Amino acid sequence: MQDSEFILDKIQVLSVNLDAGEKSIAIIFLYIPPKIKRETVKKCVCNILHNYLCKKQPVVFAGDFNFDNLAGDNFVNFMLNEFNLRYLMTGSTTEYKSALDHIYTYLPNDKVYDWGTLESYYSDNKPIYICV
């Protein structure tokens, strides 16, 4: 397992490569502070994902993006069109009925067993999870 953490223009990234049989899966977590420009985020995401996608390594890309997909933010379309990563969350991820927390992957449906949110007493953002 190989880990890395860095901050790029205030965007926090943690990546972990998990050995899963014949291939490893890259699990990449992001925290994007509110009010970061979308173009800055897109550039950061491109830099992060380029290495994984060139190797055709399975990827789970998740975290607190602070873009509300329930309010019509088009970041989901960017991730699908640029990287063929599909958005898994289907409802609200916060106590305020917004979807600020995201999970993206291009793993086949039969490799993703479950995903969703958990309850939290410490934050208005619900913890997100994925089972692969």
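Me: Leaving aside its neighbours within four places in sequence, which residues is Asn69 in contact with?
Reply: Good place to start, and please keep in mind that this is a predicted model. Asn69 is in contact with Val76, Tyr87, Ala99, His102 and Tyr104, once neighbours within four places in sequence are set aside.

Me: Where does Asn69 lie?
Reply: You'll find Asn69 in the loop between β4 and α2, the helix that covers 75-83.

Me: And is Asn69 buried or exposed?
Reply: Asn69 has a relative accessible area of 15%. Buried means under 20%, so Asn69 counts as buried.

Me: Which side chain does the side chain of Asn69 make a polar contact with?
Reply: That would be the side chain of His102, at 3.3 Å.

Me: OK, His102 then. Which way does His102 point from β6?
Reply: His102 and Tyr104 point one way from β6, while Asp101, Ile103 and Thr105 point the other way. Every one of these residues is buried.

Me: Why is β6 described as largely enclosed by the rest of the structure?
Reply: Strand β6 spans residues 101-105, and five of its five residues are buried, so the strand is largely enclosed by the rest of the structure.

Me: How many bridges join β4 to β6?
Reply: Five bridges join them, and the two strands run antiparallel. Strand β4 covers residues 59-64, and its Val60 stands opposite Thr105 in β6.

Me: What about β5, how many bridges join that strand to β6?
Reply: Two bridges there, and again the strands run antiparallel. Strand β5 is made of residues 86-87.

Me: Let's zoom out. How many helices and strands does the protein chain have?
Reply: Two helices and eight strands. Starting at the N terminus, the order is β-β-β-α-β-α-β-β-β-β.

Me: How does the radius of gyration fit a compact globule?
Reply: It agrees: a compact globule of 132 residues would have a radius of gyration near 14 Å, and the protein chain has 14 Å. The C-alpha atoms fill a box of roughly 40 × 30 × 30 Å along the principal axes.

Me: What share of the residues is buried?
Reply: Buried residues make up 42% of the 132 in the protein chain. As for the accessible surface, the protein chain has about 8,000 Å², with 52% of that belonging to carbon and sulfur atoms.

Technical notes: Residues are numbered from 1 along each chain as its sequence is written. This is a predicted model: local features need pLDDT of at least 70, side-chain atom pairs count only at pLDDT 80 or more; totals for chains, interfaces and linings use all residues. Side-chain values use heavy atoms; hydrogens and water are left out. Buried means under 20% relative accessible area, exposed over 50%, partly exposed in between (1.4 Å probe, protein chains only). Helices (H or I, at least four residues) and strands (E, at least two) are DSSP runs, numbered from the N terminus. Two strands pair if DSSP finds at least two bridges between them. A polar contact is a pair of N or O atoms within 3.5 Å; within protein, one must be able to donate a hydrogen and the other to accept it, and residues adjacent in sequence count only if both atoms are side-chain atoms. Contact means heavy atoms within 4.5 Å. The radius of gyration is taken over C-alpha atoms; the globule rule is 2.2 Å times the number of residues to the power 0.38. Accessible areas come from the Shrake-Rupley method with a 1.4 Å probe; for residues, only the protein chains shown count as cover.
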